[in-house]
Amino acid sequence: MTTSLALAGILVSAAVPLAAQQTQQDKESTTIGGYGEVHYTNPRGRNTPAEVNLRRFVIYLAHTFNDRLAFRSELELEDAKVEPPGAGGEVALEQAFLDYRVSDRVTLRTGLVLVPIGIINETHEPPTFNSVDRPAFDHDVIPTTWREIGVGIVGRLPVADGWNYRLYLLNGLRADGFSDAEGIREGRQEGREATFANPSLTGRIEWARPAGGLRVGGAFWYGGTTAGDTLLGTGTFDAPVTVLSADARYDRGPLSVRAVAATISVSDADTINALYGAAVGSRISGGYGEVAYNVLQFLAPQSSQRLNAFVRHERYRTTDTAALARRVTTLGLAYKPTWNTIFKGDYTLLRTEAGTGQAEVLRLGVGYQF
Amino acid sequence: MMQGAPPAKVTASIRRIFGADAEASALAVAADTVLRVARGDSLLGFASVRNVIGKDQPITFLVAVDPANRLKDVDVLIYREPYGGEVAYEAWRRQFRGKSAADSLRVGREIRAISGATISVHAVTEGVKRALADLTRWHETGAIR
């Protein structure tokens with residue numbers, strides 16, 4: 001055998017080390033990661049002292065069983081400590097599912113999964129967003145972190161480069177948790193002895209520009225919310241909630257822009273409100289836009305660190321009451337010594353269409369992921 | 001954890017980057033394997049197959065350099081996550097072409113970010129930088145020739 005082989009012969013010589021690596025492909029492996037954030041929150045005013053909080057501490061644990069089968073999970077501790085009867089404090093699984101890769105384009109997924117709506121619900125590691133807190137819209141309209149149990153199919157669409165999809169059949173929302181100020185938020189079941197009376201469908205299609213820089217997505221949720229309460233309905237899809245949402249992320253050099261919009265229709269809001277003494281809106285809608293610029297570009301052109309100056313404006317309403325039509329403006333700075341660590345500071349002005357409930361909040365925070 | 005690529009994928013990648021009549025042979029260097037690519041007596045370059053960890057799965061990629069230690073191309077041989085994987089697209093990979101070990105490769109500057117694929121972008125960029133530095137050093141010191 002000569003040292004230089006015909007190309008077909010590469011397999012003869014190169015196959016030795018490559019094949020050695022190949023056999024290890026069947027080896028099981030475990031990956032540990034995590035993320036977290038600490039917040040300092042200071043609302044303006046005399047009787048509103050500042051608070052510091054270890055907002056989230058999350059352990060990411062994944063295991064690869066073989067080439068096709070993998071487990072992924074996130075275990076979260078909120079507010080550092082759980083000790084009844086104190087307020088706050090929660091230990092929860094944010095995700096826990098098995099993936100079975102059928103092909104390069106199709107993966108079957110089952111377990112507790114993230115609802116694929118908006119940006120923050122699926123991608124919420126603190127270094128991925130500039131503000132200390134998540135956008136208020138991603139609390140009151142899209143109820144992050146929204147996760148439910150079910151089965152689905154995820155992967156890449158064969159139409160062209162850059163198209164991804166997810167489609168899940170999950171347990172439904174519970175109408176008895178809906179409220180005027182937070183919409184469908186407390187209707188989530190989050191994998192805890194959830195009723196499967198109203199299986200719901202949710203899905204997402206997104207396109208990422210193959211050269212990078214842009215990702216746009218559209219998502220939906222549809223399902224009944226009776227949770228077995230016959231007074232609200234006996235059909236699987238009775239008292240349905242429909243969510244439609246669109247989002248976009250644009251990154252080019254020092255500039256980052258992101259925007260999300262969503263509209264939620266609660267079809268039998270009147271019946272729900274009469275039955276549970278609530279005041280949920282029949283239409284919950286709004287969105288936000290955020291622009292950030294890496295000003296370190298001017299201060300230290302050689303640096304690979306980032307200092308993002310950003311402004312975000314949110315407008316959304318959870319009922320047709322003017323006092324719940326919110327306007328939230330946030331200005332701030334986010335310093336990223338590495339892509340996966342972040343130091344943040346921002347100022348938020350909250351207002352409503354009614355002119356009530358005006359508040360100003362100063363926040364500082366640190367975050368990491370690995 | 002090391003995971004490899006099927007030899008057929010490596011062959012196809014070498015062929016695409018260096019031409020169908022390229023000949024390749026494996027060289028062992030510093031516990032790694034470098035592919036030496038030649039046509040007849042003339043050296044076309046070197047290539048290295050490596051892994052970086054994305055979110056939790058390895059991304060297997062190939063880095064090819066020419067005899068002047070300039071990066072010829074990057075190929076993503078296997079991307080194992082169920083969706084995403086934009087780092088595999090030619091439109092993004094081609095930014096690395098022509099770079100040398102002395103060049104700066106920073107995400108958001110010389111290398112475009114991919115919105116929503118931060119982990120893969122940083123992992124692959126870092127992996128390419130390391131492979132390019134290794135191949136350059138080994139070639140300059142005569143460890144591969």
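Buried means under 20% relative accessible area, exposed over 50%, and partly exposed in between (1.4 Å probe, protein chains only). By that scale, A:E353 is partly exposed at 42% relative accessibility.

This is a predicted model, in which local features need pLDDT of at least 70, side-chain atom pairs count only at pLDDT 80 or more, and totals for chains, interfaces and linings use all residues. Residues are numbered from 1 along each chain as its sequence is written, chains are lettered from A and ligands numbered from 1 in the order in which they are written, and side-chain values use heavy atoms, with hydrogens and water left out.

**Strands.** Strands (E, at least two residues) are DSSP runs, numbered from the N terminus. Two of them pair if DSSP finds at least two bridges between them. In chain A, strand 12 (residues 283–294) runs antiparallel to strand 13 (residues 306–317), with 10 bridges. There A:G287 stands opposite A:R315. Strand 13 of chain A also pairs with strand 14 (residues 325–338) of chain A, antiparallel, over 12 bridges. A:L307 has A:Y335 as its bridge partner.

**Salt bridges.** A salt bridge puts a side-chain nitrogen of Lys or Arg within 4 Å of a carboxyl oxygen of Asp or Glu.

| Pair | Closest N to O |
|---|---|
| A:R56 and A:E37 | 2.8 Å |
| A:R327 and A:E353 | 2.8 Å |

A:R56 is buried at 7%. A:E37 is buried at 2%. A:R327 is buried too, at 15%. In chain B, B:D66 is buried at 16%, while B:R70 is partly exposed at 41%. Salt bridges that share partners join A:E122, A:R166, A:R204, A:E206, A:R215, A:D247 and B:E86 into one network.

Conventions
Helices (H or I, at least four residues) and strands (E, at least two) are DSSP runs, numbered from the N terminus.
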